[in-house]
Amino acid sequence: MITASSILPQKKRTVEQGACTTSSELSQHKYLLVNDHTEMERLIEQARVINNVSGSYFDSPIHGQLEKGINVLDSGCGPGVWILEMSAKYPQSTFYGVDIEPVYNNTIKSSNCKFSVHNILEPMPFPDNYFDFIHQQFLTAGIPAKSWPSLLTEMLRILKPGGWIELTEFVIMDIINCGPKLAVLNKCFNDRGSEDGIRFSLGRELEAYLMNAGVIDVTPRPMLFPMAHGGPDGQFWCENVMQIFSRQFRPAIVKRSPELEDPVAFENRLSEIREECAKNNVFMLVYRYSAQKPFGASSN
């Protein structure tokens, strides 16, 4: 079983106002989420639950190609859970992971895994038409809305004609059966993102972004992730959201809801939201999009 202690390198992180800051000169954009050991533990468990709820690591029709051997990129790979799982399942394929910080552990990877440090908002260090499949998930908080078109253009440059791209994103405002207490914190989350040009509704808009980038056969799949009900995965997903609120967005929430400044009051509110989610049968909406680069398409 993949755990944070087995997968993560030891590297010091600093936290400033609920956002990740690093000594790296790779990026001028501040990622909104904390990037420390506890956060990596959350991402590892999150990857497991995404697979459980979605029923698969990918939707694109590439199983046969993966068995024969293709080049695959995981854009913004984080601790590398998706790559490590996929590389074990498909040993004939070669998997590349890039992330702005080396939060993956190069010492435990298999021979068909290659990790490197790179800011995906800058040109990718790969030649034209190199990958057969590009995967990316849950990076809305790291990519300003204005940067998505250029990112997709760059992805299509390095994707082979006929290759597939797959994007998975949550939409924090698309909560099914959302109660009033959760709605308040969601609005704080959304407002904080807007300050940095992040649009958390973008997950439901990616079909249009992909079409504008020039892909074909765009297939969206909405998925419902239970919160505080539906077994262990639903319990985790609620705690997943509560941890983001508590560890990463507390300053922004308190700024907009001063009555929650006291830590006890803040934790009590989170407990009330857990109860609200369980009572209301709350679901978070997550979208997965698969799309194909047209055969014969050139890379610009």
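Author: Buried means under 20% relative accessible area, exposed over 50%, and partly exposed in between, with a 1.4 Å probe and protein chains only. This is a predicted model, where local features need pLDDT of at least 70, side-chain atom pairs count only at pLDDT 80 or more, and totals for chains, interfaces and linings use all residues. Residues are numbered from 1 along each chain as its sequence is written, and side-chain values use heavy atoms, with hydrogens and water left out.

Reader: Is tyrosine 130 buried, exposed or partly exposed?

Author: The relative accessible area of tyrosine 130 is 24%. That value lies between the cut-offs of 20% and 50%, so tyrosine 130 is partly exposed.

Reader: How are the rings of phenylalanine 126 and tyrosine 130 arranged?

Author: Rings of Phe, Tyr and Trp (its six-membered ring) pair if their centres lie within 6.5 Å; planes under 30 degrees apart count as stacked, over 60 as edge-to-face and the rest as tilted. Here the centres are 6.3 Å apart and the planes at 10 degrees, so the pair is stacked.

Reader: What arrangement do phenylalanine 189 and phenylalanine 245 have?

Author: Their ring centres are 6.2 Å apart. The planes stand at 75 degrees, so the pair is edge-to-face.

Reader: How buried are phenylalanine 189 and phenylalanine 245?

Author: Phenylalanine 189 counts as buried, at 3% relative accessibility. Phenylalanine 245 is also buried, and its relative accessible area is 0%.
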